[in-house]
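Please look through the sequence and the structure shown here before reading on, and keep both at hand while you follow the report.

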Amino acid sequence: MYKIRTNNYPMKNFKFQSIAVILFIFTVLTSCSSDDDNTPKDDSIYKSAYVTEVVGPTTGKTNQELSYSVAFQVENGCGQFHQMTDVSFDKVEGYQVEVKYPPTCSTNVPEIKRTVYKLMSPNAPGTYYLRFAKSDTEFLVTTVVISNN
């Protein structure tokens with residue numbers, strides 16, 4: 001008698017089905033992702049500004065909030081305070097004002113603007129120096145004497 005030979009390749013069939021399922025899942029997941037990014041694009045320009053004046057307390061108590069009025073010059077009337085950043089000149093640490101400018105501005109006259117900078121005084125008494133960049137190489141320094149409560 002003749003033996004009927006069946007051509008069953010279970011492993012080959014299993015691999016093909018597995019690959020087909022993975023490709024199907026991949027296609028479904030990538031086709032459902034949104035190509036529309038509705039977040040507004042920020043075309044603003046960020047630049048450093050130099051401090052022209054710092055007004056605030058020269059004495060304080062430990063662990064007390066101190067507020068300083070910081071004046072800085074912007075390139076045009078559209079510039080707005082964005083944040084304070086850390087800066088270092090010759091290994092001396094201080095702060096620098098960062099200004100946010102819109103992509104276009106109709107007022108091209110430099111202005112002096114102000115912001116209030118708040119910080120907590122140290123928990124140890126002593127003499128401290130609050131430094132703000134007034135040029136590319138110099139700080140405007142405010143000396144603050146902190147005493148115990």
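## Overall make-up

The model is predicted, and in it the protein has 1 helix and 9 strands.

The protein has 149 residues, of which 25% count as buried. When contacts between residues at least 6 apart in sequence are considered, 65% of them join residues at least 24 apart.

## The disulfide

A disulfide is a covalent bond between the sulfur atoms of two cysteines. The structure holds 1 disulfide, which joins Cys78 to Cys105 with a distance of 2.0 Å from S to S. The link of Cys78 and Cys105 is right-handed, with 80° about the S-S bond. Cys78 sits in the loop between strand 4 (65-74) and strand 5 (80-89), while Cys105 sits in the loop between strand 6 (92-101) and strand 7 (111-120), so the pair ties together parts that are 27 residues apart in sequence.

## The salt bridges

How many salt bridges does a search of the whole structure find? The search finds 2 salt bridges. One of them is formed by Glu75 with Lys47, whose closest N and O atoms are 3.1 Å apart. Glu75 lies in the loop between strand 4 and strand 5, and Lys47 lies in strand 1 (residues 45-49), so this pair ties together parts that are 28 residues apart in sequence. Glu75 is partly exposed, with a relative accessible area of 44%, and Lys47 counts as partly exposed at 34% relative accessibility.

In another salt bridge, the side chains of Arg114 and Glu53 meet at 2.3 Å, taken from N to O. Arg114 belongs to strand 7 and Glu53 to strand 2 (residues 51-55), so the pair ties together parts that are 61 residues apart in sequence. Arg114 counts as partly exposed at 48% relative accessibility, and Glu53 likewise counts as partly exposed, at 34%.

## A nonpolar patch on the surface

Val21, Phe24 and Ile25 form a nonpolar patch on the surface, and together these residues have about 310 Å² of accessible area. Val21 lies in helix 1, which covers residues 10-31. With a relative accessible area of 46%, Val21 is partly exposed.

Thr142 is found in strand 9 (residues 139-147), and Thr142 is buried, with a relative accessible area of 11%. Which residues is Thr142 in contact with, if its neighbours within four places in sequence are left aside? The contacts of Thr142 are with Val54, Tyr68, Tyr128, Tyr129 and Leu130.

Notes:
Residues are numbered from 1 along each chain as its sequence is written. This is a predicted model: local features need pLDDT of at least 70, side-chain atom pairs count only at pLDDT 80 or more; totals for chains, interfaces and linings use all residues. Side-chain values use heavy atoms; hydrogens and water are left out. A disulfide is a pair of cysteine sulfur atoms within 2.5 Å. Helices (H or I, at least four residues) and strands (E, at least two) are DSSP runs, numbered from the N terminus. A salt bridge is a side-chain nitrogen of Lys or Arg within 4 Å of a carboxyl oxygen of Asp or Glu. Buried means under 20% relative accessible area, exposed over 50%, partly exposed in between (1.4 Å probe, protein chains only). Patches are made of residues with over 30% relative accessible area and no salt bridge: like charges are joined within 9 Å, nonpolar side chains (Val, Leu, Ile, Met, Phe, Trp, Tyr) within 5 Å. Accessible areas come from the Shrake-Rupley method with a 1.4 Å probe; for residues, only the protein chains shown count as cover. Contact means heavy atoms within 4.5 Å.
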